[in-house]
Amino acid sequence: EKKENELVGLEELKETGQIVQEMEGELPHIDVMARIDKQIQELLKDPFLCDLQSGISLEEVQSQLALEQGRAMTIKIRRFDNEVIPVVVLQGATVNDLIKAFEREVLRRCKRSGKTTYISWRYVWRTYWLVYNHQKLSNRGAKLASYGISNNEELNFLKRLKREDRPGRLLKGQR
């Protein structure tokens, strides 16, 4: 039944493409885009796609499909303000894949809320660790599974210690 729904959706998308080709010579661009947007809204009423927002990107659709097909997992990242941000990554994802997906999700949320804030990701990742079960995700090339992270797990941020704050470090004048 699920495959039938997917095929129906694909057929509707093909029809949309054919309609666009037919309309391109006849209607102004604004009218074509309005019709396409209306058809997309109709597609989003489908039970398979109903939890997607309007104005969705291709990446979000692909992530949702990967989740439904079991090729991806959702990782929840809790920020310091206790906001939990769900991030979708593929099953064999690395820590770096998770970090990049988190960055994209935060920027997408900022854009949708109308915020034009610049985020220095270099500062964020030099100042904070991602932590799972009191274990720092320090190796960006390591698979999430090697840390024991699976679907619907929650990660937190942990402030990194400055060099002066590290235990056992001799300060100037103590040598």
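Analyst: A contact here means heavy atoms within 4.5 Å. Among contacts in the protein with a separation of 6 or more, 49% are between residues 24 or more positions apart. This is a predicted model, where local features need pLDDT of at least 70, side-chain atom pairs count only at pLDDT 80 or more, and totals for chains, interfaces and linings use all residues. Residues are numbered from 1 along each chain as its sequence is written, and side-chain values use heavy atoms, with hydrogens and water left out.

User: Ok, how do the elements run from the N terminus on?

Analyst: The order is α-α-α-β-β-α-α-β-β-β. Helices (H or I, at least four residues) and strands (E, at least two) are DSSP runs, numbered from the N terminus.

User: And how do β1 and β2 run, antiparallel or parallel?

Analyst: Antiparallel, with seven bridges joining β1 (residues 72-78) to β2; strands pair if DSSP finds at least two bridges between them. A72 stands opposite L90 in β2. The two strands form a hairpin with five residues between them, and N82 in the turn has a positive phi of about 70°.

User: Which β2 residues are on the covered face?

Analyst: I85, V87 and V89, while V84, P86, V88 and L90 are on the uncovered one. In a regular strand, side chains alternate between the two sheet faces.

User: Switching topic: where is T94?

Analyst: In the loop between β2 (84-90) and α4 (95-113).

User: Buried or exposed?

Analyst: T94 is buried, because its relative accessible area is 14%; buried means under 20%, exposed over 50%, partly exposed in between (1.4 Å probe, protein chains only).

User: What does T94 touch?

Analyst: R140, G141, A142, K143 and L144, not counting residues up to four places away in sequence.
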